[in-house]
Amino acid sequence: MNENRADKEWIMRGICCAAMVLAAVGPANAVDTTANAIKIDDGSFKCIRQMTPVRHFYVDNLRGDINATLAAANAPKGAIYPEGSVIQLVPTEAMVKREKGFSPATGDWEFFELDVSKNGSHIHKRGFAEVNNRFGKNCFACHAPARQPWDFVCESGHGCAPIPIDHTMTGALQRSDPRCGAEALQPGDTTALWKLRGMVVIGSVVNWVKSLF
């Protein structure tokens, strides 16, 4: 792995929740073993660009019903996503719609933090209210305003507080997903990735200082 690729993977691992809700109620590694349960493991998460694009993010459906997921994502007044829906803004974070009643407090969403490399995905963290990102931030408070009618999915105009990274930065992360093979970088992506790296370093230092007091 070359230095640039290592830097990009490190950036992805450090990016804040990036519009994905990492919250719910229940044990951090809860797994539903009922017959109807959606099987979710490392292999459930693939190259983000192999998913279906919707505006600035990507969607999939682990039950194979991508049309229903797209209908919800494109509903102008909001809609409840169907079971099996996967939403990703950046390669290292995902939200998956679980079976009805799985987690009523979060609309049945389960949330994942991923490690990604050219070898695939690894679930670094999954779970609910106690799940935080690598900066120790719990995103539930940020995304709660989008509960109704947007089913917790944050976009412009959904009531969520703005995140500190823009579409240029998230697009650069999407186009440099190491699981996809060759990068598909566009002009300006390298600069955007370096800006992200600086933000990650600054955020890590600030949180370390806060931990001292």
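Analyst: Buried means under 20% relative accessible area, and exposed means over 50%. The model discussed here is predicted.

User: Which residues of strand β3 are buried on the one side, and which on the other?
Analyst: Strand β3 spans residues 85-88. In a regular strand the side chains alternate between the two faces of the sheet. Both faces of β3 are covered. The buried residues are Ser-85 and Ile-87 on one side, and on the other Val-86 and Gln-88.

User: How many bridges join strand β2 to β3?
Analyst: Strand β2 covers residues 57-61. It runs antiparallel to β3. Asp-60 has a bridge partner in β3, namely Val-86. The bridges joining β2 to β3 number four.

User: Which residue in β4 is the bridge partner of Ile-87?
Analyst: β3 also pairs with β4, in the antiparallel sense, over two bridges. For Ile-87, the partner in β4 is Met-95.

User: How many residues lie between β3 and β4 in their hairpin?
Analyst: β4 takes in residues 93-97, and β3 takes in residues 85-88. The two strands form a hairpin, and the residues between them number four.

User: Is Lys-97 buried or exposed?
Analyst: Lys-97 is found in strand β4. Its relative accessibility is 4%. The cut-off for buried is under 20%. Lys-97 therefore counts as buried.

User: With which side chain does the side chain of Lys-97 make a polar contact?
Analyst: The Lys-97 side chain reaches a backbone oxygen at 2.4 Å, that of Gly-107. It also makes a polar contact with another side chain, at 3.0 Å. That side chain belongs to Asp-151.

User: Which residues from Ile-38 to Ser-85 does Lys-97 touch?
Analyst: Residues up to four places away in sequence are not counted. Among the residues touched are Gly-107, Asp-108, Trp-109 and Asp-151. The list also includes Ile-38, Ile-80, Tyr-81, Pro-82, Glu-83, Gly-84 and Ser-85.

User: What pattern does the chain follow along the sequence?
Analyst: The chain has six helices and six strands. Read along the sequence, their pattern is α-β-β-α-β-β-β-β-α-α-α-α.

User: What percentage of contacts between residues at least 6 apart in sequence join residues at least 24 apart?
Analyst: Buried residues make up 48% of the 213 residues in the chain. For contacts between residues at least 6 apart, the share joining residues at least 24 apart is 62%.

User: How much of the accessible surface belongs to carbon and sulfur atoms?
Analyst: The accessible surface of the chain comes to about 10,200 Å². The share belonging to carbon and sulfur atoms is 57%.

Note on methods
Residues numbered from 1 in each chain as written. Predicted model: local features only at pLDDT ≥ 70, side-chain atom pairs only at ≥ 80, totals over all residues. Heavy atoms only, no water. Buried < 20%, exposed > 50% of the residue type's maximum accessible area, 1.4 Å probe, protein only. Contact = heavy atoms within 4.5 Å. Areas by Shrake-Rupley, 256 points an atom, 1.4 Å probe, with all protein chains shown as cover. Polar contact = N/O pair within 3.5 Å; in protein donor to acceptor, adjacent residues only side chain to side chain. Pairing = 2+ DSSP bridges.
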